[in-house]
Amino acid sequence: MKLNRLSSFAAGIFLATAISSAAYFTIGTEASKAPAQTKEDKSDSASKPSDEKMKADLESSGYVVQTTEEYNKSLQKAKKAAQEEIASNEPQKEVVNEVIINVTDGMTSIDVGRMLEQAKIVENAFQFTKEVEKKGVENRLRPGTYKITSEMTPDQVISTIFKE
């Protein structure tokens with residue numbers, strides 16, 4: 001008796017699934033065949049403006065309307081004008097930094113190198129200090145005020161600030 005109830009229940013579930021599947025697949029295929037259109041789509045398809053009308057509307061709104069060919073021609077002209085402008089410009093002169101350095105008693109070559117690096121006279125304070133040590137003048141720093149430019153070589157800077 002239990003087996004009979006269970007098989008009846010299973011048969012009912014199977015029958016309900018079969019009916020639901022048949023209804024789902026039949027209704028689903030009919031709806032998917034027709035394209036979905038909104039109210040706006042239906043009304044616009046009948047009264048679509050011409051290309052001339054759209055162009056006139058855009059131009060009256062302040063837009064520039066060009067064909068692809070016109071756009072490419074104007075782009076080539078702009079590129080050519082930019083290249084001519086670059087070619088006509090003279091090479092820019094290198095910026096020369098000029099600095100007044102005040103060397104006081106108690107300063108070291110490392111301090112001077114840091115000041116020169118900060119003023120963009122030398123690229124690396126450590127390298128400048130090594131150059132001073134190579135020359136053997138690290139203990140011959142002369143207190144005073146010195147005018148140094150970025151055009152000077154490291155040797156000229158060293159000979160200006162240190163006693164050789």
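Me: Where does lysine 120 lie?
Reply: In the loop between α5 (109–118) and α6.

Me: Is lysine 120 buried or exposed?
Reply: Exposed: lysine 120 has a relative accessible area of 62%, and the cut-off for exposed is over 50%.

Me: Back to α5 then. Which of its residues are buried?
Reply: Ser109, Val112, Gly113 and Leu116 are the buried ones in α5.

Me: How are those buried residues arranged around the axis of α5?
Reply: They fall within an arc of 100 degrees when you look down the axis of α5, so they line one face of the helix. As a rule, an α-helix has 3.6 residues a turn, so residues three or four places apart point the same way.

Me: What do the buried residues of α5 pack against?
Reply: Four elements: β1 (98–103), α6, β2 (144–149) and α7 (154–161).

Me: And which exposed residues sit on the face turned away from the buried side?
Reply: Arg114 and Gln118 are carried on that face of α5.

Me: Zooming out, how many helices and strands are there?
Reply: Seven helices and two strands. From the N terminus on, the order is α-α-α-α-β-α-α-β-α.

Me: How much of the protein counts as buried?
Reply: Of its 164 residues, 15% do. The protein exposes about 13800 Å², with carbon and sulfur atoms supplying 54% of that.

Me: Which residues form a nonpolar patch on the surface?
Reply: Leu6, Phe9 and Ile13 do, and together they have about 340 Å² of accessible area.

Me: Where is isoleucine 13, and how exposed is it?
Reply: Isoleucine 13 is in helix α1 (residues 2–33). Its relative accessible area is 46%, so isoleucine 13 counts as partly exposed.

Me: New topic: what's the average pLDDT?
Reply: The protein averages 81, and 83% of the residues score at least 70.

Me: Which elements have the lowest and highest mean pLDDT?
Reply: Helix α2 (residues 39–46) has the lowest, at 55, and helix α6 (residues 125–135) has the highest, at 90. Where pLDDT is low, the predicted coordinates should not be read in detail.

Definitions and conventions
Residues are numbered from 1 along each chain as its sequence is written. This is a predicted model: local features need pLDDT of at least 70, side-chain atom pairs count only at pLDDT 80 or more; totals for chains, interfaces and linings use all residues. Side-chain values use heavy atoms; hydrogens and water are left out. Patches are made of residues with over 30% relative accessible area and no salt bridge: like charges are joined within 9 Å, nonpolar side chains (Val, Leu, Ile, Met, Phe, Trp, Tyr) within 5 Å. Accessible areas come from the Shrake-Rupley method with a 1.4 Å probe; for residues, only the protein chains shown count as cover. A salt bridge is a side-chain nitrogen of Lys or Arg within 4 Å of a carboxyl oxygen of Asp or Glu. Buried means under 20% relative accessible area, exposed over 50%, partly exposed in between (1.4 Å probe, protein chains only). pLDDT is the predictor's confidence in each residue, from 0 to 100. The arc is that of the directions from the helix axis to the C-beta atoms. Contact means heavy atoms within 4.5 Å.
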